[in-house]
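Thank you for making time this morning.

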Amino acid sequence: MTVNLTSRSDLGGRPNSSPYVDGIPLKDVTRQCTTIIHINARDPDGDRVKCRCTKRGPTECENKCANPKKKYFDIDEESCNITVKVPRKNNNFEPGLYVVAVVIEDFMEGSDEPLSKIPYQFLVNIQERDVVCGRVVTLAGDGCYDVLMRINPPFRIDLHAMTTNPAVPIAYIGTVAKPGMTVSSLIDDGNGHYHVEVSFVPPQHKDGTVEQLCYQAMDEEGLAGAELCAELYYGGEVPRPFPLISTPSSNSTILVLFLNQEWTIYFTTEIMLNDQTVKFLFDNGTVAHSELLAMRANTTIGNGTEDPYFVTFTTPDFPMTANTSYTIKLDKGAVVGTSGCHLPSEAAQWRFTTDIGRNVETIIITSIPDSSVHCSPTYMVAYIDNTFLPALNPSILTLNDPDCYGTVHNETHLAIGTMYGKCGTEAIVNEDQTRVSMINNIFLPREGSFVYGNVSTRSDAYRIRFNCSIPTRRVGYVEFNTNHTLESAQINATGNFNFSFKLFPDESYRRPYRHLCTS
């Protein structure tokens with residue numbers, strides 16, 4: 001065995017981990033059938049794995065343990081498949097046991113220099129049998145299992161096999177049992193199908209490790225099916241959502257700004273994207289909007305060591321209605337775990353309500369409250385502290401466009417926001433065109449002034465300027481009106497035509513905007 005203990009920068013400074021392999025030590029093969037033996041080698045670091053025959057010599061094989069009959073055994077180094085085939089006209093063939101010794105090596109991507117190598121030996125029993133090849137089928141399960149570290153109930157896995165000729169039943173399903181494992185007697189499921197039940201309590205010292213459980217079926221005439229191996233990851237954890245701290249929250253007292261288009265769902269463990277959906281439902285159960293997170297360019301995964309694990313995504317094409325109840329529904333596997341078998345997240349759903357619509361009442365402003373701003377790729381929201389304004393109706397807060405007004409965010413804050421390009425928002429691009437400033441104003445009546453009905457006087461109002469400066473590449477939504485008269489042209493021709501346009505900041509047309517996406 002050869003190992004490389006040099007620190008690897010691509011692994012965060014830890015040394016290389018050698019491949020691992022497991023398998024049934026005695027593999028039964030029938031001469032009349034071409035058999036493929038797969039070496040179930042895996043690498044913990046995800047490196048490329050290759051398998052080759054041993055080289056005779058003091059470093060790998062001092063005795064004659066290298067492949068003794070290369071005309072019977074052909075190894076594919078890349079796939080780690082060994083094809084066992086005895087020529088039918090070979091009169092010198094001797095049935096019996098053959099020793100196969102291989103070396104398993106791991107390689108970094110793009111390199112032909114092995115990082116480490118481990119030996120693997122097993123016996124192949126080649127026999128003469130008058131049988132129908134492929135009659136015995138060892139059935140594959142999920143292939144990968146996360147073993148939760150718990151005592152009750154014990155972990156259980158069923159291993160299945162079948163025969164295409166029920167007249168010759170399966171005799172047993174052999175396994176390489178681990179210490180503490182219990183294997184049931186063979187169970188006949190009918191119609192040529194059989195299985196055994198394997199159960200065990202995972203020992204605590206295996207938490208965070210991985211091993212294989214290999215098995216093979218054989219019928220009463222000694223014909224064996226293919227050998228298969230299941231991956232067992234000890235300490236696997238299902239990602240579970242945290243509705244209470246997510247946005248939207250399952251806390252019914254926290255209202256969601258009806259302009260909101262950015263959502264953050266927190267989970268119990270590290271996650272990665274998957275191909276399942278997140279849905280927004282009306283109260284009658286119909287789908288208001290559906291999102292496939294893996295397809296969203298603005299989806300962000302957070303797997304920091306200090307912050308909880310979360311996924312953030314935007315829904316610019318989902319306009320919500322004020323003072324309306326919705327249900328957010330996460331399908332099973334909306335995200336998956338990053339370790340082990342990438343377990344799918346639990347399904348979950350919870351209700352939330354958008355903030356109220358406009359209902360202006362008479363109110364007196366006695367002080368200017370504090371405010372903070374949240375910027376997203378598609379909209380911006382200012383949160384107004386109402387500690388000193390407990391009776392303030394949010395509808396008296398307006399933006400540059402007086403039809404854009406505030407709402408209740410929660411017990412301590414009001415909110416007022418807009419999508420970029422709406423409510424009189426002004427967009428200013430800096431000189432090198434790398435950032436865009438989105439600017440608007442919040443208007444409040446002056447101290448001691450009144451608001452009657454739906455009318456407020458702008459000349460007697462306080463103005464709070466707020467803006468978002470974001471990279472141009474992150475701008476996910478903007479609307480604009482061009483400052484130019486209509487131009488028209490007529491072309492008399494037939495065929496297919498493509499048109500492209502450039503957007504300029506002024507009438508000089510010298511420097512177009514860059515990184516601009518339009519639809």
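Let me begin with cysteine 214, which counts as buried because its relative accessible area is 0%, and please keep in mind throughout that what you see is a predicted model. Its partner is cysteine 229, with the two sulfur atoms 1.9 Å apart in a disulfide, and cysteine 229 is also classed as buried, at 13% relative accessibility. The torsion about this S-S bond is 105°, and the link is right-handed. As for where the two ends sit, cysteine 214 belongs to strand S15, residues 210-219, and cysteine 229 to strand S16, residues 228-234, so that the link spans 15 residues.

How many disulfides does a search of the whole structure find? There are 5, and I will discuss two others here.

One of them joins cysteine 33 to cysteine 133, with the sulfur atoms 2.0 Å apart. The torsion about the S-S bond is about -95°, so this disulfide is left-handed. Cysteine 33 is in the loop between strand S1 (26-30) and strand S2 (35-38), while cysteine 133 is in the loop between strand S7 (116-127) and S8, so the pair ties together parts that are 100 residues apart in sequence.

Cysteine 375 is in strand S27, residues 371-375, and cysteine 468 in strand S33, residues 461-471, so parts that are 93 residues apart in sequence are tied together. Cysteine 375 is partly exposed, at 30% relative accessibility, and cysteine 468 is buried, at 0%.

Let me turn to the strands, and to S8 in particular, which covers residues 136-139. Which of its residues lie on the covered face, and which on the uncovered one? Val136 and Thr138 make up the covered face, and Val137 and Leu139 the uncovered one. In a regular strand, side chains alternate between the two faces of the sheet.

Elsewhere, 4 strands form an open antiparallel sheet in the order S17-S18-S23-S22. Strand S17 (241-247) and strand S22 (300-302) are at the edges with a single partner strand each, so one side of each has no neighbour in the sheet. From one strand to the next, the twist averages 20°. S17 and strand S18, residues 262-267, are joined by 3 bridges and run antiparallel, and phenylalanine 242 has tyrosine 266 in S18 as its bridge partner.

I will finish with threonine 277, which is located in strand S20, residues 277-281. Is this residue buried or exposed? Its relative accessible area is 17%, and because the cut-off for buried is under 20%, threonine 277 counts as buried. Its side chain makes a polar contact of 3.0 Å with the side chain of lysine 279, and another, of 2.5 Å, with that of aspartate 331. Beyond four places in sequence, the residues in contact with threonine 277 include Ser290, Glu291, Leu292 and Ala334.

How values were computed. Residues numbered from 1 in each chain as written. Predicted model: local features only at pLDDT ≥ 70, side-chain atom pairs only at ≥ 80, totals over all residues. Heavy atoms only, no water. Buried < 20%, exposed > 50% of the residue type's maximum accessible area, 1.4 Å probe, protein only. Pairing = 2+ DSSP bridges. Axes fitted to C-alpha atoms, helices over the stretch in contact; angles between N-to-C directions. Polar contact = N/O pair within 3.5 Å; in protein donor to acceptor, adjacent residues only side chain to side chain. Contact = heavy atoms within 4.5 Å. Disulfide = S-S within 2.5 Å.
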